[in-house]
Structures are given as C-alpha cells and as structure tokens.
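This briefing is intended for a reader meeting the structure for the first time. Its points are grouped by topic and may be read alongside the sequence and the model.

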Amino acid sequence: MPFARLATATTPTCHIGLGLAAVGRPGYINLGRDRDLGEARDVDALRTRTHQLLDAAYAQGVRYFDVARSYGRSEEFLAAWLEANPGIDDVVVGSKWGYTYTADWSTEAERHEVKDHSLATYERQRAETDALLGERLDLYQIHSLTPDSPALTDKELHARLADAAAGGLTVGFSTSGPRQAETVRAALAVTVDGEPLFRTVQSTYNVLEHSAAPALAEAHDAGLTVIVKEGMANGRLAEPHAPEVLKSVAAEAELGCDAVALAWILRRPWVGVVLSGAVTLGQLASNLHAPAVDLDADRMTRLATLTEDPRVYWERRGRLPWH
C-alpha cells in the first residue's frame, strides 16, 4: 500500500492531500472562482498556478496529490512537476478514470465531462494516464461510483483491475451522490478470487453531508484507506459563504472557517487523508492550519447542527454553476 509512506511522515500536514480538480481546468463548480482565479485561466497560467501550489504543499508536508482524467490537464500538470523534481520520491500519486473531460478548455461548454465506467473506457484512460504519470502512479480509482454503476458488477473489469493490482498498482474508487453509504458497502463486497478488490475509498464528507460516515468507518475497519473529498462543500464552508455557526467557531479558534471545517474531518479516527482543493497559496496555507484547530466538545456539538439531509445537499450541489 503506497499510503504506508504517509505512516512514516511526522508532520501534522501529512494527512492533508492536495486535489487538483479546481486548477487543472478553467471551469469548475466551486464558489468564488472568479475572485480566486480572475481572468488568467489559459493553460500556461493554470500550469504555473498548479506548480506553485505543489511546491508550497510539498514544502509544508503534504505528501498525497490527487488528479483525474476528467480534471482537464491535471495529470499533465502534475507529471511535469514530478519530472522537474526527480528527487521527490516520497509522495503518493492518485488519479481516477471513468469520466472524460469534454469542455475543450472552455467555461461555457454544454457538458464538461461524460461518465462511462465500461471496460473500454478503463483501458483507454489507463493508457492515457500511463503515458503521463507512468511508474509515478500509485493509486487508480474508479471515478464517482454510484449504486447503479456497471463497474460494481462487471467481472471482466474486476479481473483487469485485479491484474493491475497484482502488478503493484493500488485500486480504489470514489463515490458521489446521496447514496454514498450504499455504494461503499457494495464495493466492499467486490472480490476477485476471494480477495477484496479495492484498497481505498474516496468520498464526500463534510459538516453539511456526513451520511456516509458509518460505511466509511466500516471500510477503514476492513483495511481500506479513506480519502475525504469536498471537505469544503465546494466552497460553501469558506468565507464569505460559511454558515454563521462555523464563522463563530472559527472566530473563537482564531483561524479560518476552512481550517475548522477540515479539522472537524480530521477528528475522525477512520480518515486517512482529507483533500485540500485550494487554488491560491493563501487558501492552501489556511487549509494546512487544520491540525492546529482546537475543537472541544462544545464546538463539535455546535458544528453538528449544520447537518443537511443528503438529498437536499446533493440537489443543491447539482445546481452549482460551472464558473
């Protein structure tokens, strides 16, 4: 398991990863992108921004980097950074397959990505990922599994993924939607020759949407590394959009709403890595203060009042525009 490398790290930030979903392409659903990125969204500008974030994250102890085929040029940007830093050999690199980026570097595209969990898509995208990341790829995840995904029942696909695992690649999956817990439990039941197929799970989990918590704890107990995505709820938990309760706790802690939101996640014993989706150096620095946040019982209780019904949460997320 490549995540064993993180177990030897001693910095508090080793359990915070950097996800490149928001900087690998010009358009995304996170709130505040106009303010954060401005008009500088050509390929060179976002490549430079990504490399600056990677430099800063690594310097401050971050050791997991997360990309995907559908995150525009995120794999390309990360591959170039790794090539420019050949001495860096202690990071864990994860990517995902199952969505194809279709926006052609436009924020006005009718469709930004297309989902397909077929074996043919796996083979095509695996070759594309290998061409960029090669042996630096540690983890390959099925992107956004849902209970109705054919990837949960496709035995031929399972066999190919098991072959990849036998060759040293860690195989995982991510989840999305209001039925994440059901998806996690279905994936835990997938075996090849009597052995569990998946070794990691990446799910949405935050103070607004934490319905998958029991299933993620079960995954951890089964030996999977749990990676948390969308800990900031696509910007809904950051200033100026954060709920008043979160703002109050952050003021008491004298740290940002983002640090508090991520600290709330890190308090879970089953969380292996929580992703930062920072797009500025200031956001990254603030996110990385999460391990220093003091969340006592009273603050945890107050934050618990922010819970939304999963269906409401995901309906609202589905209405977020691509900025």
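In helix α10, the residues Cys257, Asp258, Ala259, Val260, Ala261, Leu262, Ala263, Trp264 and Ile265 are buried. Because nine of the 10 residues of α10 are buried, the helix is largely enclosed by the rest of the structure. The model described here is a predicted one.

- Ala261 belongs to helix α10, which spans residues 257-266.
- Ala261 counts as buried because its relative accessibility is 1%, under the 20% limit for that class.
- Apart from neighbours within four places in sequence, Ala261 is in contact with Gly231, Met232, Leu237 and Leu246.
- Ala261 and His117 are 144 residues apart along the chain, and a distance of 32 Å separates their C-alpha atoms.

**The barrel**

- Eight strands form a closed barrel in the order β1-β2-β3-β6-β7-β10-β11-β12, and the pairing is parallel.
- On average, neighbouring strands of this sheet are turned by 25 degrees against each other, with direction ignored.
- Strands of a sheet pair through backbone hydrogen bonds, in either a parallel or an antiparallel sense.
- Strand β10 (residues 200-204) pairs with strand β11 (residues 225-229) in the parallel sense over five bridges.
- Thr204 has Lys229 in β11 as its bridge partner.

**Strand β1 and its two partners**

- On one side of the pairing list, β1 joins strand β12 (residues 273-276) in the parallel sense over three bridges, and Leu18 stands opposite Ser276 in β12.
- β1 also pairs with strand β2 (residues 64-66), in the parallel sense and over two bridges; here Gly19 stands opposite Asp66 in β2.
- In a regular strand, side chains alternate between the two faces of the sheet.
- In β1, Ile16 and Leu18 point one way while Gly17 and Gly19 point the other way, and all of these residues are buried.

- Thr13 is located in the loop between α1 (4-7) and β1 (16-19).
- With a relative accessible area of 8%, Thr13 is buried, since the class requires a value under 20%.
- Not counting residues up to four places away in sequence, Thr13 touches Gln60, Gly61, Val62 and Leu288.

**Packing of α5 against α6**

- Helix α5 (residues 119-133) packs against helix α6 (residues 155-166) at an angle of about 25 degrees, and their axes are 9 Å apart.
- α5 is therefore roughly parallel to α6, because angles under 35 degrees fall into that class.
- The contact brings Leu119, Tyr122, Glu123 and Arg126 of α5 to Glu156, Leu157, Arg160, Leu161 and Ala164 of α6.
- By type, the residues of this contact comprise five nonpolar, no polar and four charged.

**Cysteines**

- A disulfide is a covalent bond between the sulfur atoms of two cysteines.
- Cys14 counts as buried because its relative accessibility is 2%.
- Cys257 likewise counts as buried, with a relative accessibility of 2%.

Conventions. Residues are numbered from 1 along each chain as its sequence is written. This is a predicted model: local features need pLDDT of at least 70, side-chain atom pairs count only at pLDDT 80 or more; totals for chains, interfaces and linings use all residues. Side-chain values use heavy atoms; hydrogens and water are left out. Two strands pair if DSSP finds at least two bridges between them. Helices (H or I, at least four residues) and strands (E, at least two) are DSSP runs, numbered from the N terminus. Axes are lines fitted to C-alpha atoms, for helices over the stretch in contact, and angles run from 0 to 180 degrees between N-to-C directions. Buried means under 20% relative accessible area, exposed over 50%, partly exposed in between (1.4 Å probe, protein chains only). Angles under 35 degrees count as roughly parallel, over 145 as roughly antiparallel, 65 to 115 as roughly perpendicular and the rest as oblique. Contact means heavy atoms within 4.5 Å. Ala, Val, Leu, Ile, Met, Phe, Trp, Tyr, Cys and Pro count as nonpolar, Asp, Glu, Lys and Arg as charged, and the others, Gly among them, as polar.
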